[in-house]
Amino acid sequence: SNLDTLYRQVIMDHYKNPKNRGELEGDALHINMNNPTCGDRIQLQLKVDDDKISDAKFVGEGCSISLSSASMMTEAVKGQTVEDALDMSDIFSKMMQGQDYDDEKFDLGDIEALQGVAKFPARIKCATLAWKAMEQGLNEEEDK
Ligand code: FES
Ligand code: FES
């Protein structure tokens, strides 16, 4: 459909011109996460100040789905509170399970371009890699 074509285009744009790819300067959380099914890995870097994600970047290798998802995720969570970023992650995870999700609470923007991945179970781990890294980083930060 036209929507599928549009979504594919959005994914390819993020893959070819990723947002927030690179290293953060100064103190940041570094979270390494790998996709056990293929061995691809990314490192997510987060800065959390006063319960807000002030910056996010990533490095690493992966397929078009995983890297475009990392690009979209870092864009989406920058400036969000920890709680809202974790809520977004829940929404994304519902999307990946093909469940209904709340599309009103946040401007999900490009993230919704990945909803078609729900139909390809082998690729869901690619799409969720960066989100899992973000969740792990925030949970570790909260436990400190
Ligand atoms: Fe097979 Fe990502 S693990 S496509
Ligand atoms: Fe490895 Fe997608 S095939 S992250």
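The model is a predicted one, in which local features need pLDDT of at least 70, side-chain atom pairs count only at pLDDT 80 or more, and totals for chains, interfaces and linings use all residues. Residues are numbered from 1 along each chain as its sequence is written, while chains are lettered from A and ligands numbered from 1 in the order in which they are written.

Let us start with the whole. The protein has 4 helices and 3 strands, where helices (H or I, at least four residues) and strands (E, at least two) are DSSP runs numbered from the N terminus. Along the sequence they follow the pattern α-β-β-β-α-α-α. The C-alpha atoms fill a box of roughly 45 × 30 × 25 Å along the principal axes. For 144 residues a compact globule would have a radius of gyration near 15 Å, and the 14 Å of this protein agrees; the radius is taken over C-alpha atoms, and the globule rule is 2.2 Å times the number of residues to the power 0.38. Of the contacts between residues at least 6 apart in sequence, 63% join residues at least 24 apart; a contact here means C-beta atoms, placed from the backbone, within 7 Å. Buried residues make up 34% of the 144. A residue is buried if 20 or more other C-beta atoms lie within 10 Å of its own, exposed if 12 or fewer, and partly exposed in between, with C-beta atoms placed from the backbone.

Now for the hairpin. Strand E1 (residues 29–34) ends at Asn-34, and 6 bridges join E1 to the antiparallel strand E2 (residues 41–49); two strands pair if DSSP finds at least two bridges between them. His-30 stands opposite Gln-45 in E2. Between E1 and E2 lie 6 residues, among them Gly-39, which has a positive phi of about 85°. Leaving aside neighbours within four places in sequence, Asn-34 is in contact with Gly-39, Asp-40 and Arg-41. Asn-34 counts as partly exposed because it has 16 C-beta neighbours inside 10 Å.

H2 is mostly covered, with 12 of its 14 residues buried. The cover includes helix H1 (2–16), E2, strand E3 (52–60), helix H3 (82–96) and helix H4 (121–143). After H2 comes Gly-79, with a positive phi near 90°.

What joins these pieces inside? In soluble globular proteins, nonpolar side chains tend to be buried together. The largest nonpolar core has 36 residues, and those with the most contacts inside it include Ile-42, Met-73 and Met-134. A nonpolar core is a set of buried Ala, Val, Leu, Ile, Met, Phe, Trp, Tyr and Cys residues joined through C-beta atoms within 7 Å. E1, E2, E3, H2, H3 and H4 each give two or more residues to this core, and H4 gives the most, with 9. Met-73 touches Ala-130, Trp-131 and Met-134, not counting residues up to four places away in sequence.

Methods
Two residues are in contact if their C-beta atoms, placed from the backbone, lie within 7 Å.
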